[in-house]
Amino acid sequence: MKSSQRLQLIVPLIAVLLGFVLGSIIIVITGKSPGGMFLALGRTLTGIDFTGRTDINLRYVGEFILQALPITLTGLAVAFAFRTGLFNIGAEGQLMVGSLAAVAVALLVKAPPFVHPILGILAAMAAGALWASIPGILKARFNVHEVVVSIMMNYTALHFVNWSLLQFGSVDRVKTPEFPPSATLKSEFLAQLTNGSRLNWGIIPVILAVIVFWFVVEKTTFGYRLRAVGFNKDAARYAGMKVEQNIVLSMMISGAFAGLAGAVITLGTFNFGRVLPSFEGYGMDGIAVALVGGNHALGVFLSGLLFGLLKAAQPLMQSQGIPREIASIIQASIVLFVAMKLGIEAALNYMSRSNGGRKAGIRKTGGNK
């Protein structure tokens with residue numbers, strides 16, 4: 001394995017380790033034991049109660065995977081934009097618009113049970129892609145920075161989606177009517193397998209999305225062209241690539257991943273559309289997941305599982321007397337240490353040179369005897 005590839009693997013692992021170390025220090029400062037945090041994380045990950053009892057509750061595992069699904073998808077959305085030289089900070093809005101499209105298909109379209117959720121997923125992806133195309137077009141045609149536009153569009157999406165959901169009819173002005181059973185991704189099999197958790201068939205499109213991300217970015221000429229535009233627009237244009245078109249396509253594909261997250265939440269976790277008072281934070285979580293995962297498919301998948309684990313473990317942490325905010329502190333710390341990538345790499349290189357120098361000195365001393 002090349003040195004650069006080793007660093008790409010080692011640096012995120014060190015960042016995760018340092019994040020947990022910092023979280024443990026903060027727990028000690030508050031007068032609690034870090035052991036409670038690790039017991040909560042262990043039970044969430046495996047379902048096993050490590051406090052001495054032998055019972056296994058797979059509901060914790062199901063809820064952990066459920067939490068990881070939308071975070072992984074928004075992580076893929078942000079990572080795809082990063083790999084093509086763009087910063088999609090609008091994944092939250094694209095997710096919400098995708099959720100609205102899924103609600104519309106669930107309530108207005110009649111279709112067989114297997115086809116109905118697929119139509120909802122496709123509509124959500126199309127809606128997310130369409131919403132993301134707006135900052136893409138403004139970036140390509142007028143060089144308007146996509147960060148500014150996508151941030152504003154997040155707030156536009158929040159209020160537009162909330163107003164639209166109320167048009168479907170609502171008694172409490174909080175949620176839409178429930179979806180017909182044919183439209184949902186809910187699974188009695190997975191629920192029974194995980195002791196009544198909300199785990200659903202949304203896991204399948206998430207796995208497919210990770211595979212598609214990897215294949216498109218790493219194995220296709222189309223993905224190479226998108227990455228080439230991100231590396232150097234002028235060189236890509238000189239090589240005959242359609243720079244403006246590729247910018248828009250990159251944002252649309254990124255938005256499609258985020259829109260899919262909206263469908264997974266709406267059709268899988270819930271059985272209705274929700275009127276939200278504020279953002280749920282999936283877009284920001286996606287940025288963190290993409291950074292920790294190094295913008296690679298496998299890295300984003302593993303990072304999504306880690307952040308999903310931290311989110312799902314919060315109630316158990318609280319039951320151990322540990323503030324649930326500790327999980328957020330650990331997440332933020334991990335991102336901070338990943339942002340210190342150059343410093344960690346410099347420290348590793350210094351340690352490597354120091355070890356190499358000591359070994360050379362030992363060999364030289366041994367040869368002179």
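Ground rules, quickly. The model is predicted, so local features need pLDDT of at least 70 and side-chain atom pairs count only at pLDDT 80 or more, while totals for chains, interfaces and linings use all residues. Residues are numbered from 1 along each chain as its sequence is written, and side-chain values use heavy atoms, with hydrogens and water left out.

Helices here are DSSP runs of H or I with at least four residues, strands are runs of E with at least two, and numbering starts at the N terminus.

Let's start with helix pairs. Take α4, residues 91–108, and α6, residues 146–166. They pack at an angle of about 20°, and their axes are 8 Å apart. An axis is a line fitted to C-alpha atoms, for helices over the stretch in contact, and angles run from 0 to 180 degrees between N-to-C directions. So α4 and α6 are roughly parallel. On the cut-offs, under 35 degrees is roughly parallel, over 145 roughly antiparallel, 65 to 115 roughly perpendicular, and the rest oblique. The crossing of α4 and α6 is left-handed. That means the near helix is turned anticlockwise from the far one by less than a right angle; clockwise would be right-handed.

Who touches whom? From α4 we have Ala91, Glu92, Gly93, Met96, Val97, Leu100 and Val103. They meet Asn154, Ala157, Leu158, Phe160, Val161, Ser164 and Leu165 in α6. Contact means heavy atoms within 4.5 Å. By class, this contact of α4 with α6 has ten nonpolar residues, three polar and one charged. Nonpolar covers Ala, Val, Leu, Ile, Met, Phe, Trp, Tyr, Cys and Pro; charged covers Asp, Glu, Lys and Arg; the others, Gly among them, are polar.

Next pair. Helix α12, residues 282–292, packs on α15, residues 325–339, at about 45°, with axes 10 Å apart. These two are therefore oblique to each other. Again, α12 passes α15 in a left-handed crossing. Asp285, Ala288, Leu291 and Val292 come from α12. Gln331, Ile334, Val335 and Val338 come from α15.

Keep Asp285 in mind. Which residue does Asp285 meet in a salt bridge? Its side chain pairs with Lys311, 3.3 Å from N to O. A salt bridge here is a side-chain nitrogen of Lys or Arg within 4 Å of a carboxyl oxygen of Asp or Glu. Asp285 sits in α12 and Lys311 in α13, residues 297–312, so the pair ties together parts that are 26 residues apart in sequence. Asp285 is buried, at 12% relative accessibility. Lys311 is partly exposed, at 24%. Buried means under 20% relative accessible area, exposed over 50%, partly exposed in between, with a 1.4 Å probe and protein chains only.

How many salt bridges does the structure hold? Nine. Another one joins Glu63 and Arg198, at 2.9 Å from N to O. Glu63 is in α3, residues 59–83, and Arg198 is in the loop between α7, residues 188–193, and α8, so this pair ties together parts 135 residues apart in sequence. Glu63 is buried at 11%, while Arg198 is partly exposed at 34%.

Then there is Lys139 with Glu146, whose closest N and O atoms are 3.4 Å apart. Lys139 is buried at 13%. Glu146 is buried at 3%.

Now Pro205. Pro205 is found in α8, residues 203–219, and is buried at 13%. Leaving out residues up to four places away in sequence, Pro205 touches Ile121, Leu260 and Val264. Pro205 and Ile118 are 87 residues apart in sequence, yet 9.6 Å apart in space, C-alpha to C-alpha.

On to α9, residues 221–231. Its buried residues include Gly223, Leu226, Arg227, Ala228 and Val229. Their cover includes α3, α8, α10 (233–238) and α11 (243–269).

Last, backbone angles. Most residues other than glycine have a negative phi. Asn195 has a positive phi, near 60°. Asn195 is in the loop between α7 and α8 and is partly exposed at 47%. Asn295 also has a positive phi, about 60°. Asn295 is in the loop between α12 and α13, and is buried at 16%.
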